[in-house]
Amino acid sequence: MSALTKAKVQTPPLIAAARGEATPHTPVWIMRQAGRYLPEYRRVRSKTEFGALTRTPDLAAEVTLQPVRRFNLDAAILFSDIMVPVEGMGVDLTYAPGPVIAHPIRTLKDVAKLRPLVPERDVPYVLETVRMVRAELPPHVALIGFAGSPFTVLSYLVSGKPSKEFATARAFVQSEPEVTAALLDHLADSTAAYLRAQAEAGAQALMLFESWGGLLGRGDFARIALPSVQRLVSKLKDLDVPLIYFANNCWTVLDLIAGLDVQVVGLDWRGSLAQARTVLGKGKTVQGNLDPASLFAPPEVLKRRIDDVLADAGPGGGHIFNLGHGIWPETDPDAVARLVDHVHSRTEGRP
Ligand code: CP3
């Protein structure tokens, strides 16, 4: 592409906001925006098992695009799961509906059996989905690729199934430092390759879900979870693609996260975006953080709660609006439409 043509192609607002640049409105998307709260998703799912859906590009692309057709969203997120690359590494897993691992990983021998991920060979369907979605999306809608953080993926691999507290995984990382280090290194390296391949296929931002790192104590987060994230992001430094680190339940370790080489930090609803900005510093964009429960409140209350989040984020950009965690399956899609439209109309033309 010539420099002139390139200059004419507008930067999607979400990408501009991730870089801290001015945007025409505050960009908005919803974690888990493709999913069971949408009847059109349930129709596709009624005919296809979840794992098969992630491995079938036309269906995964269709489901990725469903929320973008229905709402005025500023981004699509690839329809997949944080466990998809793990299947590509040779792990036998099913979804019920959360990931269940046939043989949990507990020894150095188990870790050595994991294939280092070669995305084009091991998960070609993900890259094909990214290419198909990018070809269909209008230019102002950004495509977000994603992966789970090394510790979050380790939690499932060691526990073997979803858990509220992940006691098995937390005891494991305290008791088996050598296996933990080997597994986290493997996951960091393979996940870096995986995210790079998504960017090369057309993903314009990359999100890393630290869904369960916040269960760790501060010392364990600093010694175990964070270095593996640092290792991962250091391998993506040359990419001109913003990285979003979703720091779920991580308010007590935000000062440590401030040192990460990422452009955006995603935050849950438990804390204040203004306080997060103080801790994270000027260079970082914040993403979040409406309570998913607010979508169940009457329309006027929902609007007020959105206004509160916008006020907390403050003027001057550097904010991507989102929920504080994934949307719940019982949510009314009309509430999502109201949310997206309200964020846009309140912030249009605002400095
Ligand atoms: O729209 C999107 O956000 C893209 C799709 C997406 C899914 N999973 C689809 C999915 C994304 C980004 C994920 C990430 C994911 N997966 C995370 C990190 C995000 C977070 O919530 O913190 C985690 C922890 C997982 C692991 C996982 N996969 C769980 C816990 C579950 C079951 C819980 C649930 O929501 O039902 C899954 C299965 C899953 N992944 C579903 C979907 C739509 C439900 C499967 C179904 O249709 O039956």
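Strand β4 (residues 142–148) and strand β5 (residues 205–210) run parallel and are joined by five bridges in this predicted model. Within this pairing, Ile-144 has Ala-205 of β5 as its bridge partner. Both strands belong to an open sheet of seven strands, whose order is β1-β4-β5-β6-β7-β8-β9 and whose pairing is parallel. The edges are formed by β1 (75–77) and β9 (319–323), each of which pairs on one side only. On average, and with direction ignored, neighbouring strands of this sheet are turned by 25 degrees against each other. Strands of a sheet pair through backbone hydrogen bonds, in either a parallel or an antiparallel sense.

At the β9 end, β8 and β9 pair in the parallel sense over five bridges, and Val-286 stands opposite His-319 of β9. Although β9 is an edge strand, five of its five residues are buried, so the strand is largely enclosed by the rest of the structure. The cover extends to both faces of β9, with His-319, Phe-321 and Leu-323 buried on one side and Ile-320 and Asn-322 buried on the other. Helix α15 (residues 273–280) lies across β7 (264–267), β8 (285–290) and β9, and runs at about 155 degrees to β8.

When neighbours within four places in sequence are left aside, Ser-190 is in contact with Met-89, Arg-115, Pro-116 and Leu-117.

The ligand is surrounded by 22 residues, of which the closest are Arg-32, Arg-36, Tyr-41, Ser-211 and His-325.

| Residue (side-chain atom) | Ligand atom | Distance |
|---|---|---|
| Asp-81 (N or O) | nitrogen | 2.7 Å |
| Ser-211 (polar atom) | oxygen | 2.4 Å |
| His-325 (N or O) | oxygen | 2.7 Å |

On its own the ligand has 870 Å² of accessible area, and the protein covers 91% of that area.

How values were computed
Residues are numbered from 1 along each chain as its sequence is written. This is a predicted model: local features need pLDDT of at least 70, side-chain atom pairs count only at pLDDT 80 or more; totals for chains, interfaces and linings use all residues. Side-chain values use heavy atoms; hydrogens and water are left out. Contact means heavy atoms within 4.5 Å. Two strands pair if DSSP finds at least two bridges between them. Helices (H or I, at least four residues) and strands (E, at least two) are DSSP runs, numbered from the N terminus. Axes are lines fitted to C-alpha atoms, for helices over the stretch in contact, and angles run from 0 to 180 degrees between N-to-C directions. A residue is near a molecule or strand if one of its heavy atoms lies within 4 Å of it. A polar contact is a pair of N or O atoms within 3.5 Å; within protein, one must be able to donate a hydrogen and the other to accept it, and residues adjacent in sequence count only if both atoms are side-chain atoms. Accessible areas come from the Shrake-Rupley method with a 1.4 Å probe; for residues, only the protein chains shown count as cover. Buried means under 20% relative accessible area, exposed over 50%, partly exposed in between (1.4 Å probe, protein chains only).
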